[in-house]
Structures are given as C-alpha cells and as structure tokens.
Amino acid sequence: MAEILSGNFPLVAAIVLMGIGLYILIFRRNLIKIVMGIAILSSSVNLFLVTLGYRTGGIAPIYTEAPEGPMVLPVVQALVLTNIVIAVATSALILSLVIRIYRHTGSLDSKKSRRMKG
Amino acid sequence: MSKIVRTVANQLMLFVLVFGLYVIVHGHVTPGGGFQGGAVIASGVVMLIVAFGSGQIKKSLRERRLSVVESSAALLFILVAFIGIGTVFFYNFLVGSRIFGDIPPTGTNPGNIWTGGVIPLMNVAVGLKVMAGLSAAVLALALFSGGEEIE
Amino acid sequence: MRQFFAWLFLVVLMVFLVIGGFKMVHPFGEPPSAMDQYIIDNSQEQAGSNNVVAAVVFDYRGFDTLGEATVLFAAVTGVMFVLRAGGKKEET
Amino acid sequence: MTLIVESGYEFWNPIVWLITFAVVMVIVYFFRKRGEEKYKKGEEQAQIFLCGEEVPAAEQRQVRGGNAYWGFFETLKEYYDGVVRMHTGIVNDYVVWFVAVTAISAIILLIVKLVG
Amino acid sequence: MATLIEHSSILIIAVPLLIAFLTPLIGMASKKARNVVVISSLAFVAFLVFTLARDVILNGIHIYTLGAMSPSLTIPEGIMRPVRIILEVDGVSVFMGIVVAIVSLVAVIYSLSAMKGETGQNKFYTLLLLMVGGTFGMVFTGDLFNLFVFLEITSISGAALIASRTRFADSQEGGFKYIVVSAVASLMVLFAISLLYAQYNLLNIGALAAAMQYTMLDRIALVILISAFAMKLGGVPMHMWLSDTYSVAPASITVLLITTSQASMYALMRMCFILYGVSLDLAVVGWIVIAIGILSMFIGVTMAVRQTDITRLIAYNCVCEAGFMLVGLGVGIAVLGDATVLRTYGTMAINGAIFHMINHALFEGLLFLVAGAIFYRIGTRDINQMGGLGHTMKLTAVFFLLGALASSGLPPFNGFASKILIYESVYQFNPILTIIGILVSIITLAVFVKAFFSAFTGPSLPKYEDVKEVPKTMIAAMTIFAVIIIIFGLFPGLVVDWIVRPATDALVNQASYIDAIRGAMP
C-alpha cells in the first residue's frame, strides 16, 4: 500500500487544478467564467513548474545574505514569471473582448454568442 | 467612495510608489524585479481608480500619455539588448565596466547595488513598462465600462 | 450525450496526467539539475547578479523576457485597440 | 533539367503542358474561324428571348449562390445533418474536441506501448 | 555583409519588434512617416530573410546564441548542455521565413488603403508588426519555451486584430474564440514542455532530441504537443475556431493568420521530425496525423460547399488544404524509420507537403484578399447578395479565378505542382488516400465555381452599378500574389530545388540539427 501511495503528491495537486480549469472551460457557459478557467489552467501550469524545481530543504536562489542550504532551481521560476505576465495579458485582452461582446449582444452566455455556426 | 477612503488611498499611494521603486531598483540584489515592482505600482493606480473613480483619475493620468511611456520603456529595453549586438544580442556588456559593473564575491554576501551590468537598466525599463501598461489597461477597461470610449 | 463524452474524455486525460505526474516524474525535491546548477554556480560571476532568478530572467533567458514584455505590450495595445471609439471614419 | 518536378515515377513540366495547350487552342481557333459569321452585336439578336414575355429585372434574373448544388445537399442530407450539428459554434465545445483528440491519441499510444 | 549575415537571424525577429515599439510614437507625429517606416522595415526584414536563406541553403544550419560571448558558443565551458537561448535556423525555418516575409509585406501594402477609413491605425500597425515578429520568432527559435512565448505573442496580437472591426458583433466573437482556443492550446504546450523539462532539465530542442528516451511521460507530452499544434493549425475536429475567425478578420489580417497557422504546422513538424525523430512510434503517430489530415480534407471541403459567406467558404477551404499538408507529413512520419522507403517516396511526400505550404499561403491569401476587396466595395460577405461584380471589378475577378484554379489544383498553376507530388507519393503508401485527395480536389473546384459564378457573373445588379475597382495599393498587393502564383506554377522545379528540397533535407536529418548544437563543444 505504501508502495502505491508513494509518489509525487504536489504534482497531483497541480494536475487536479488543471482538471478544474478544463472542467470550467468545458461545462461553464458564462464568458467571465471561461476567463477564470483559463486563469486557473495557467495557474496550474505555473504550480506544476514551480513544484518541479523544488529541492528538499532548498532556499530561494538569491545570494544576498542567504542562509545555508541548496538553492531551488532558478530557471523554472523565470519561466513561471514569464507565464504569469502572459496570463495577465491574456486575461486583460479577453476581458475587453467580453465587454465588447456584452455591449453587442447584452448577454454573457456562450450559447447566445454564436452568430457564426455551421 | 467616501472621503475617508479617498484620503487614505491618497496617503497610501506614496508608500506604494516608494515600495514599488525599491522593488524595481533592487531587483538584482533582493527578491523582486521590474515586473513585480511595476505590478505593485500599477496596483496602487488601481487603488486610486477604485477610490476616486475612473473619471477623476482620467484628468491627471491620460492613457495616451501612459502608452507613450510604455512604448518608450519598451524601446529602452530593446535598445539595451540591441547595444549588446557588438558581440551578441542580449550580451551583458556592462559586467566588469564602470557602470553597474562590480562583480559580487562568489557565495553568500551582503549585496551590492552597483552590480548586475545591464540587469538594473532592464529592470527599470521593464518596471516602467509594466507600470504604464497595466495602469493603461485597467484604466481603459474602467473607462469603457463606465460608458466612455477610448480615443 | 455531449455531457457524457465530455466527462469521459476529461477523466481519461486526467487519469493519464495524474499517473504521469504521480509516478513518472522524478521524486519530489530531487530534480535533475545540470543546467540549473550551472546557472546557480555561475550567475554571480557571469551576470554579476546576486539574484539568480534576475540573472536568468534578464541574462541567460533575456530573449524570453523580451517576448514577455512584447506580450504585455501587445495585450495593452490590444485592449485599447478593441475598446477604441468609433468604427469607421468618413473617407477623406 | 530543373524546370521539371519529378516525383520519382512521373514528371510534371508546365512548359510542355503550356505548349500543348497553345497548340490545342490554335486548333480550336481554326475550327472556330470556319464557323458562320452572322452574329451581330448590339442588335435584337443579342437580347434575351423568353417566349415573347417581358424579361424580368436583373435582380430576379440572377441565380443566387445559396441555391447552387441543391441536389448535392439533398442527397447527402444525413451526412450534412450530422456534420452541421458538430459545428455548434460554442467555444466550450471547441475545448471538448481538443480534450477528446488528446485523450484518444493518448489511449492509442498506450495501447501500442502495451502491445508492442 | 558577413556581420550582417551573422546577426541576421536575430535582426529578423528584433527589427519588427523594435519598429512595433516605435510605431505609436511615430504615428503621433505623422501618418505618412509611419507607413513609410513600417513598409521599409518589413522590406528590410524580407531582404535579410533572403540573404539568410541563401546562406543557410549554401552553408548549412545557422546558429545564434543569445547573450553569449560569441554567436556560435552554444555550450559554455564546464557543462555539456546549452544554457542560453539559441536560435537555430535550418532549411525549414528559412522556408517558413520566406513565406512570412512575402505575406507580411503584401498584407501591409494591402492594408494601406483597406484600413484607411478605420480609427486606431497606429495600434493596428503596431499589432501587425508584433504578429509578424512573433511568427518569425516561432519559426527561428531553437528553444521550446521561447517557442511558447512567441506563440502567445502571435495569438494575443492576432486576437486583437481579428476584433478590429469593433462595430460588428461577430468580429468580437471571433476574436474571443481565437484567444480562448489559443490560450488553451498554448498552455497545454507549456505543460508538455514542463513534462520534458522535468525529465531532462533541458529546454533546447536539439539537446532534448539528443537526450530523448521516449518514456511514457514523453509520449504524453508528444500527444499534447500534437493535438495542441493541430488545434492551432486548424485540423479537424478542432477546426471550428478557424472558420469563425478567418471569416470576420480584415483580409490583410486573415492572410497573416494563415501564416501563423503555417507556423503552427512548422512547430508540429519540428516536434515530430526533430524533437522526437526516429524514436517515436512512427507508424502510429504518422497514422494519427494522416487521420487528422484526411478528416480535415473531407469535412473541410464538404462544409465549404454549403457556405454562403464568401470568407467563411474560403476559410473552410483552408482547412481542406491544411489536410493535404498533414497527409503528406503523416506519410513522411510513417516511413521516417525506413531509409529506402524514405528515399523512394517519403521525401517526396514531405516535399509535396512543404511545397504546398507556400502555395497554400499564396493562393488562399490571394482569395482572402479578393474577398476583402469585395467586402471593401459592397460591404457584405453574403454571396446571395452578390452578383454581376465582374462587370465592374474585372481585375479582381481575374485574381479570384487565378486563386481558385490554383487552389483546386488545376494545371498549370502552383497548386497542381504540389498536389501531384503529394498524390503520387501517397499513392505508393496507400492508394485510398490519393483517391480521397483527388475527390476532394474536385469538390474544391465545385466550391469555387459556386463562389465565382454567384459573385462575379450574372447580370449586373442595379444596386452595384456604381461599384468601382478597388484602390491601386490593394490591386498591387493582389498582383504580387498573382505573379508569384504564376511564376511558381510555371517553374515548380526551380522552387522545389532551391527552397523546398533543403527544407525536406533539414527535416529528415535529425542528426545534423543535434550536431549543430554540439558544434562548438570543447
């Protein structure tokens, strides 16, 4: 039993978060909630990346008056920093589009905003 | 918002600015950097927008001016990268020179702000850019949902 | 029908990812780190920066940061472009 | 010769094709030239004749694109019903298709690994 | 000149970005100066692309290590793997670079008068340049995370540009769909990248390819990468966003969107051929790609027949043409492991697919530009409302006919040359695929016959009597495409020899890509 359960729980948490994000994107019709779904998906990837770079007993990779111990991996942190900014940018743009759609159709339902189909 | 909120926001903005600038300038020595500091200042601007309303803020903070600041900061950033093209694009040409050129002792040290080569310059550029950009985006969203259209 | 298939595929995908993350990635806290260790060891000397993450962001992977700044620039320009007044001016 | 695209078995040379085309066109022109030359432009001969009735206006005379290939769609009605229902136009469904393709191909690769 | 070539790969990416940052500032001063700067910078970039292409085809892979002591110093001392971001430009990259350079120049020339009446032109050109720079970045980078960043740049600027006609609700909706789909796809790409990073602690494509062990985790990453990029390029059944967005964007932007889709296809090829290479289950992955391709061809063309919106019709045709390329690539992947088979028809299939990529960008681009010209003059995209436009817009009609014939694969145009390469090579792999392909080509012709006759022929309608030919710059843009289509149609052998075959050689030769990274190893 212990053999089966020994594994990488933090990563599982990140992947479950990804599942939640995909769930929202699939089942929620509200456009604002779709934006939230994308934000959650992005956070899950960030969490996954940061978790990958952890070292047991690690400290932040900054030498200024650093305590003893191994440093956690810096590259993933840079990647996450990049991805956070990208997520912010994406959210801002989608929200502005949502506002425009709401002005035009008066609704936030993704079922109602389908002028184009077939 | 009520007068209390407005006054407190007004006073707090100074501290937000100082803290944001600290985070930007010390980006290469302590945790933080251009993005984080710029986001701190931009969140201060958001606080002002919430407290005073977007119409009031618009009088002193035009999004046209903000986008000029943003473009210039982005230009500064890419130009610093371009200067390195004497050797290679993005080459850190200031390490070992007289400007921000000190090399910190290997291992744990108390920190020296006169280090990092082009990193502090880029931090400042990115900080300005993020500050102006995020404020402009939030201001545009706020103004538009308040019924005004952006020029 | 749509609900059923959506759930089915979502669960299948998640099972794959969870098993992959749980069992197949390196154990928590012991990542392979040849590239990162090199950066940790050399960032002070090569980039002159105490903050290793800042060294990665602006020196080793500076081009990513340029891209990231560009993304933000594009998004802000895009927001103002989408929310701009007027659709079409009179042709002059 | 570099002007030719060779596919290993055959080749495609547009220049040869063009020359052939030109030769055929010359022959066609030759035949056409031997035809009658009674057609006169701008006279009654060029007008539309509709059993003596008045010719309808251009708006009604025009064949609209939406009416084209009616029989084709009628024959393939079942196929089109299914395919058009697939294109719902809802953004959530696009994500469902993505997840579905990912899951199915993951299963296929897993089966291949277990079998082979 | 040598210095220029040495730095050309980074200049090609950075100059559009630099000009994009400058454009708002210049635009405030003078509109004319802005237009001149934008066009001249893109012309300069096109010049750089051609010099770089010549260099790469003659001298092999071009390497540029960002931020190192010298551009060729890929691997620093004391470690056996690349640390910095490396731009690695091989035959496929320069091929895509040529496509993007031509198309972006044409798009800007077209938008000069097509966007004349719109507000917010400074931001329009800024976003357009960002999109071009992002596409160049996608095709030139040798680093996975960098690829993701540029993917995001193209999708964000693309979404804003799609929504640029803010007075229409459907364009806003198209932009929304595009950015949601791109965000999901690119985040899943990032997830796959992090799976690879977790195992090998590498982000460089060449170094990862050398270290690749094809574990189960790699398979999951591969699956996610394939489906995410297939979604971005519009493969069935993930193509629905494509018709929604292509149909509502301004024509000059649609042309650029085609190139970003092509860049996604390039990324798919890069992943399958270079990153995984011979280690993956070639037949299975090949057949997955072929299946997506066949579905794209068939569903794309059958949906195109029943459209009444002219841009939507062309958009579905795009899906169909992408299917042809996917089939060619899939055959190439399926036979990649067998050297003799690869030599007999595998490389030919890849040749056909790659040649079709540039042809696709050209003739679909021309068709979209023509559709945009019609919309510019009569203000509708519904073909039921059109009719008799050929009486007044004669040149436009000719251009449409040219694009339609090329797209349907009729000789002697370029579409035929690439399609025959695909047919003949795929026939030896599996005859049924070729039969489906020819059938689809026939229906494509039917699609365009419908569109052409309902839009351009028939009696001239009273309501369109004062419709004039479009402005000169739009005609010029369409002429560039038309001339290139005719040249490629008349001399396909030259094109295949000069740019297509080097691209194929670069794709099937994984070892040289890896060796280029290792080149400066001590």
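Questions on the terms used for a predicted model

Q: Why does E:S113 count as buried?
A: The relative accessibility of E:S113 is 7%. Buried means under 20% relative accessible area, exposed means over 50%, and partly exposed lies in between (1.4 Å probe, protein chains only).

Q: How are the residues, chains and values to be read?
A: This is a predicted model, in which local features need pLDDT of at least 70 and side-chain atom pairs count only at pLDDT 80 or more, while totals for chains, interfaces and linings use all residues. Residues are numbered from 1 along each chain as its sequence is written, chains are lettered from A and ligands numbered from 1 in the order in which they are written, and side-chain values use heavy atoms, with hydrogens and water left out.

Q: Where does E:S113 lie, and which residues is it in contact with?
A: E:S113 belongs to helix α3 (residues 91-114) of chain E. Helices (H or I, at least four residues) and strands (E, at least two) are DSSP runs, numbered from the N terminus. Contact means heavy atoms within 4.5 Å. Apart from neighbours within four places in sequence, E:S113 has such contacts with E:Y376, E:P471, E:T473 and E:M474.

Q: What makes the phi of B:F100 and of E:Y214 worth a remark?
A: Most residues other than glycine have a negative phi, and most peptide bonds are trans. B:F100 is not a glycine, yet its phi is positive, about 50°. E:Y214, also not a glycine, has a positive phi of about 60°. B:F100 lies in the loop between α4 (63-83) and α5 (119-145) of chain B, and E:Y214 in the loop between α7 (205-211) and α8 of chain E. With a relative accessible area of 17%, B:F100 is buried, and E:Y214, at 8% relative accessibility, is buried as well.

Q: Which peptide bonds are called cis, and where are they?
A: The bond from E:V236 to E:P237 is cis, with omega near 5°. E:P237 is in the loop between α8 (216-233) and α9 of chain E. A cis bond also joins E:P411 and E:P412, where omega is about 5°. E:P412 is in the loop between α14 (394-407) and α15 (414-429) of chain E.

Q: What makes a space a cavity, and how many are there?
A: On a 1 Å grid over the protein atoms alone, a cavity is a set of points where a 1.4 Å probe fits but cannot get out, whereas a pocket is an open set with protein on both sides within 12 Å along at least five of seven lines; lining residues have an atom within 4 Å of a point. Grid points are joined across faces, edges and corners, and a volume is the space filled by probe spheres set on the points. By this rule there are ten cavities of 30 Å³ or more. The largest cavity holds about 80 Å³, and its lining includes E:L233, E:Y246 and E:H360.

Q: What is known of the largest pocket?
A: The largest pocket has about 860 Å³ of space. Of its 30 lining residues, C:R2, C:F5, D:M86, D:V96 and D:W97 are the closest to its centre. The largest share of the lining, eight residues, comes from α5(D).

Q: What makes a set of residues a nonpolar core?
A: A nonpolar core is a set of buried Ala, Val, Leu, Ile, Met, Phe, Trp, Tyr and Cys residues joined through side-chain atoms within 4.5 Å. The largest such core has 371 residues, and B:F89 and C:F63 have the most contacts inside it. Helix α13 (residues 339-378) of chain E gives the most to this core, 24 residues.

Q: Which chains share the most contacts, and how do you know that chains B and D are not joined?
A: Nine pairs of chains are in contact, and chains D and E share the most contacts. No contact joins chain B and chain D, whose closest C-alpha atoms lie 23 Å apart.
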